[in-house]
Amino acid sequence: MAATSQSAADSPQVQPPVAYDKGTPLSAILPPLIFGTATFNHQYNDDPYALDTTGLVSDALTHGIRAFDTSPYYGPSETLLGAALDTPFVRTTFPRSSYFILTKVGRIAEAHFDYSPAWVAQSITRSLARLHTTYLDVVYCHDVEFVTPAAVLGAVRELRRQRDELGTVRYVGISGYPLDVLGALAELVLRETGEPLDAVMSYANFTLQNEGLAGPRGVQRLREAGVDVVPNASPLGMGLLRRQGVPVGALGDFHPASRALRLAVRQASDFCDAHGEKLEVIAIRYALETWLAVGASVGSRGDPASGVPWQQESNEAVGGTKLGVSVIGVSRAPELEKTMLVWRSILDGLEGGRETAIRAGRWSRAYEWAQNRKRAVQILSEGVQEVLGEWVGYTWESPPEEKGSKGEKEKEVQGRLEGKRIADIKVNEVEAPWPTPDASPEPEIWHHDAFHSWNYNWFVHTNAIPTLQTSPSSDLSVSLRP
């Protein structure tokens, strides 16, 4: 079915359920655009409780978004998302069966993990309560590079027990940063259990700066391990690819990018400015649009968000093939609006875009405009990569190296950049104080009392979340072109 006509969009209508049955592959139903809610925390924002998270979630739903990613490690994210999904408007207009909730287990604090079956079960119970639901569509083991393979295998088995015996989980996956670790663990799970993972979520590994996820260590290896869907999270590199620099919330500078890498990104931003564009606009469109194609083999045929209020889009209307899945994150309404404009323009450029636009009452030349915009973004993206130079393809360590130790690649690149305009650009003179991008406390402090006898603060994680801005004056929100 194509996008519904505008005349049908005058008033809210109860949304249909996802076509799920036990045994349905995730790649048949997961939407290709997921709203990530790690921005609902202290790392990206000074006070996440002051954000209009209820309004954001409602607006996302009305624009066709049908999947939300969260984690108990993202500070108050699960609680805020759960409250937003539990309003009378959402409950009556968007039944629980009409959207996906994706969350995680295993990571508790900056340096504290518990992948034990007992804690995994407790974490699921808590997430169900916070999110006001009886089941979770996808549950990932969170940041698997920090624990042993045996621990990951045990947690996967417990999640599958929850799926098979209790029905509290529908699909099981893992998430993390290093591609080699993700690939090896996907192979291990298949070899030891005879069943592949439903999903492997990688973050900051398909961006303008680093496209490793599209290579043999990413998509190819994961596909060969039988992984069904590989969502690409954080297409702005955890906020690195923005003119105003990495996002800084209540806890200060969390990002693992070095001073020299940030300098190179600032120079790339200057390049975009000189051509009348914003780096973050080029970066987000490039990643979303390109991943639809290069991530298609591990993508999904779920219906995409239309990007237009109260208009439902279908996979068939945009070509009927699998589309690479991306996770985006925003903090404020103007960011969401801008992202939806970009997304709609991307869909207009897909197969059948012209006919879809006409049937939906949009501009008949939207397809032509989208194709021209795609070519312009591609040209500027190549220019950005030329400016980034040696930093293209660079990845930081996760888990981090010991303090004072740098990888050979970073030392080599930083040495070559020594003295290049550093004094002319405002960059943080101190390396990021956090050893990982995982350090925001939630106001709530509670006991891990079922299994241990200590208290701890909740910390949040930017894993899987591309933020478009962290202050009201977003460069993205005022850009003129999607």
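Analyst: Contact here means heavy atoms within 4.5 Å. The model is predicted, with local features needing pLDDT of at least 70 and side-chain atom pairs counting only at pLDDT 80 or more, while totals for chains, interfaces and linings use all residues. Residues are numbered from 1 along each chain as its sequence is written, and side-chain values use heavy atoms, with hydrogens and water left out.

User: Which residues does S326 touch, leaving aside its neighbours within four places in sequence?

Analyst: S326 is in contact with P32, L33, I34, N232, L288 and W291. S326 itself lies in strand β12, where strands (E, at least two residues) and helices (H or I, at least four) are DSSP runs numbered from the N terminus.

User: Why does S326 count as buried?

Analyst: Buried means under 20% relative accessible area, exposed means over 50%, and partly exposed is in between (1.4 Å probe, protein chains only). S326 has 1% relative accessibility, and therefore counts as buried. Over the chain of 482 residues, 60% fall in the buried class.

User: What makes β12 a partner of β9?

Analyst: Two strands pair if DSSP finds at least two bridges between them. Strand β9 (residues 232–233) and strand β12 (residues 326–328) are joined by two bridges and run parallel, with V327 in β12 as the bridge partner of A233. This pairing belongs to a barrel of eight strands, closed in the order β1-β2-β3-β6-β7-β8-β9-β12 with parallel pairing.

User: How do you know that β6 is mostly covered, and which strands does β6 pair with?

Analyst: Six of the six residues of β6 (residues 136–141) are buried. Strand β3 (residues 100–105) pairs with β6 in the parallel sense over four bridges, and L102 stands opposite V138. On β7 (residues 169–176), five bridges to β6 are found, again with the strands running parallel, and I174 of β7 stands opposite C141. Between β6 and β7 the chain passes through helix α5 (residues 149–166) in a right-handed β-α-β crossover; that term applies if, with the strands pointing away from the viewer, the path from the first strand over the helix to the second runs clockwise.

User: Why is helix α2 called largely enclosed?

Analyst: Helix α2 (residues 77–85) has nine residues and seven of them are buried, so the rest of the structure largely encloses the helix. The buried residues are S77, E78, L80, L81, G82, A84 and L85, and they pack against α1 (53–62), β2 (67–69), α3 (88–93), β3 and α4 (117–130).

User: What is the volume of the second largest pocket, and which residues are closest to its centre?

Analyst: The second largest pocket has a volume of about 350 Å³. Of its 20 lining residues, P17, V18, R66, D303 and Q312 are the closest to the centre.

Note on methods: On a 1 Å grid over the protein atoms alone, a cavity is a set of points where a 1.4 Å probe fits but cannot get out, and a pocket is an open set with protein on both sides within 12 Å along at least five of seven lines; lining residues have an atom within 4 Å of a point. Grid points are joined across faces, edges and corners, and a volume is the space filled by probe spheres set on the points.
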